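Visitor: I should like to work through this structure one point at a time. May we begin once the sequence and the model are in view?

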Amino acid sequence: MTIMQSFTELVHQRQQRESAKRNRPVESEVTKLDVRNLNFFYGEKQALFDVSMTVAERAVTAFIGPSGCGKSTFLRALNRMNDIIEGAHHNGTVLLEGQEIYAPDVDVVSLRKRVGMVFQKSTPFPKSIFDNVAYGPKIAGQRNHKGLSEIVEQSLKRAALWDEVKDRLQDSALALSGGQQQRLCIARALATNPDVLLMDEPASALDPASTSRVEDLIFELKQNYTIVIVTHNMQQAARISDWTAFFYQGYLIEKDHTQKLFTTPKKKQTEDYITGRFG
Amino acid sequence: MSTHLTRDLGVLHRNLLSMCATVEELVHKAVDELADPNIDRAKELAKQDDEVDRFDVSIEEECLKILALHQPVAIDLRRITTVMKISGELERVADISVHIAERACALVNQPGIEVSEKLQEMASRAVEMLHKAIDAYVGLDSQLARNIVESDNAVDELNREIISELMDTMQQHPELIEPAISLFSATRHIERVADHATNIAEDVVYLVEGEIIRHRAHFR
């Protein structure tokens, strides 16, 4: 054992002892999503083990953890994106504003309108910029061109892309840069006026400048939306989120205020992961 | 943790321990000067203070390098910020030690004034606090650190009593005003050593428990 390893072990023992002596109060929050005892399976293989967590409204919650820890599975469980995977099943409850999203009478399309998703790789349709953003509202029944134009403009403005594309809305979305395409996907997700925005590593394929724009955008969006983000970039989680949850081997190890989790994590596994001692 | 970060943190730790040892020696010698002042020895102490200044700068540079290159979090972040702060506190203690020795030397060739037992007691308490604060850092002992914070009150009380006695001496023996002012100044410096030891102890509590206890009394 090196000097530094023994130092860390020792600090952890002392910290646990001292924090056990002084119970710290938990701050109150308005809960948007309430997940209770969620177990998730891909066929025989269990990917999530008894995960319970609340997601605060109008805040950014980041999920971190090594590859295969279950963070993306958990994220996708929040808008039933895993339903399309053959053999996937679960038990436990996922409540969106108190309503079970896996209840038999829930319309999945309506659910995904309320809980939008942005993926790691930007996935614009091979259509115009306008049509990409208007796609969701059109499916939802919005046919009026003036109404659609308003939605497109508002969504692009919220995604901080309007000024860059307002003069070329009919150009192909595929002609945009990587960073612009990702913001277009965010605009597309916003067009259906969701309550919650799920983001699966939204900036991992972007250069530093585009990453910074997407991070600024996430900060802006949390004024109106509940945002849940999966990221491999811990500095990014530390920068943009209010809450951070650490997953490991399918278990939720710890969730806390981001500042607290990155300065004084309660669990040793969290400490070891975020300081790069494993994972 | 990357090998680079492990190595850099190890170097940092060793440098801070060397700085601690130098400052402890310095403050011990400075306090001893009060009983037996010697101008040549005081000059030597000033040289030793230069060494502490170099430690302070190199530790700060090392910390900044680690922050920029490794972007540490959790225990590593607390450790680096604590090392930076402790280094600053030690640098001030070294400066103060030189001032104490200078004040002691100012007593040479002055009309006789007794260095009270209380001042000796206060000096040994302040030095002990510093010694224990360093022990608390090395042993990651936050309970010891909290005890040190509490013990500062006793030093403050002694400080008030000594100042009051010196004021009386100056009123009753105007011919002793000059040496009394030197002792007055030395007393204040010793009290500051105890304050810096307290700050180090508070930093150790943050390092170990992640809790900032500084200025706690003012927020209650």
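Visitor: Which residue follows H2(B)?

Guide: Helices (H or I, at least four residues) and strands (E, at least two) are DSSP runs, numbered from the N terminus. The residue that comes after H2(B) has a positive phi, near 40°. It is B:Gln71.

Visitor: What kind of model is this?

Guide: Residues are numbered from 1 along each chain as its sequence is written, while chains are lettered from A and ligands numbered from 1 in the order in which they are written. Local features need pLDDT of at least 70, side-chain atom pairs count only at pLDDT 80 or more, and totals for chains, interfaces and linings use all residues, for this model is predicted.

Visitor: How far apart are the end C-alpha atoms of helix H2 of chain B?

Guide: The expected span of a helix is 1.5 Å times one less than its number of residues. Helix H2 (residues 39–70) of chain B has 32 residues, so it should span 46 Å. The distance between its end C-alpha atoms agrees with this, at 47 Å.

Visitor: How many residues of H3(B) are buried?

Guide: Helix H3 of chain B covers residues 74–105, and its end C-alpha atoms are 47 Å apart, in agreement with the 46 Å its 32 residues should span. H3(B) is largely enclosed by the rest of the structure, because its buried residues number 24 of the 32.

Visitor: With which residues is B:Ala197 in contact, leaving aside its neighbours within four places in sequence?

Guide: A nonpolar core is a set of buried Ala, Val, Leu, Ile, Met, Phe, Trp, Tyr and Cys residues joined through C-beta atoms within 7 Å. In the largest one, of 138 residues, B:Ala197 is among those that touch the most other members. Its contacts beyond those neighbours are B:Ala126, B:Met129, B:Leu130, B:Ala133 and B:Ile148.

Visitor: Which helix supplies the largest share of the side of chain A that touches chain B?

Guide: The contact takes 21 residues from chain A and 19 residues from chain B. Helices H1 (3–21), H9 (234–240), H10 (258–263) and H11 (268–274) of chain A each supply at least two residues of the chain A side. The largest share, nine residues, comes from H1(A).

Visitor: What is the residue opposite A:Tyr42 in E2(A)?

Guide: A second open sheet of chain A has four strands in the order E2-E1-E4-E5, with antiparallel pairing. Eight bridges join E1 (residues 31–42) to E2(A), and the two strands form a hairpin with two residues between them, where A:Gly43 in the turn has a positive phi of about 65°. Opposite A:Tyr42 stands A:Lys45.

Visitor: Does A:His89 count as buried or exposed?

Guide: A:His89 lies in strand E4 of chain A, and its C-alpha atom is 6.0 Å from that of A:Phe40, 49 residues away in sequence. E4(A) pairs with E1(A) over eight antiparallel bridges. Because A:His89 has 12 C-beta neighbours inside 10 Å, it counts as exposed.

Technical notes. Two residues are in contact if their C-beta atoms, placed from the backbone, lie within 7 Å. Two strands pair if DSSP finds at least two bridges between them. A residue is buried if 20 or more other C-beta atoms lie within 10 Å of its own, exposed if 12 or fewer, and partly exposed in between; C-beta atoms are placed from the backbone.
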